[in-house]
Amino acid sequence: MTLTKEQVAGLAKKPSCPRCNYDKTIGNALCRRCRAKLPENMRAGLENVPNKDAWAVGRALRAAANYFNVHFQSVRNFGGGRKR
Ligand SMILES: [Zn+2]
């Protein structure tokens, strides 16, 4: 996933989380609830995204998506997580 500066700005401005549609803070890529599930070193890359390089945010988002896929697959299988 490669993001442009505009995409990062748009993502930061959205009031809802792209993963779970839960309310999120402007400026962050994911909501607090999603970020709380990530290890600290991955979380930092998803906060204050307008101040970061677009490629760094894209990389952080991809890492987060991989983490969610690996660690929360079973949760999704039982109806939690992202809506289909
Ligand atoms: Zn979320």
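What share of the contacts in the protein with a separation of 6 or more comes from residues 24 or more positions apart? Such residues account for 35% of them, a contact being heavy atoms within 4.5 Å. This is a predicted model, where local features need pLDDT of at least 70 and side-chain atom pairs count only at pLDDT 80 or more, while totals for chains, interfaces and linings use all residues. Residues are numbered from 1 along each chain as its sequence is written, and side-chain values use heavy atoms, with hydrogens and water left out.

On the whole-protein level, there are 5 helices and 0 strands, with helices taken as DSSP runs of H or I of at least four residues and strands as E runs of at least two, numbered from the N terminus. Of the 84 residues, 32% are buried, meaning under 20% relative accessible area with a 1.4 Å probe and protein chains only; exposed is over 50%, and partly exposed sits in between.

Now to the loop between helix 1 (5-13) and helix 2 (32-36), where Lys24 is found. Beyond its neighbours within four places in sequence, Lys24 touches several residues, including Leu11, Pro15, Cys17 and Cys31.

Asn21 belongs to the loop between helix 1 and helix 2, and counts as exposed because its relative accessibility is 52%. Asn21 and Cys31 are 10 residues apart in sequence, with 8.5 Å from C-alpha to C-alpha.
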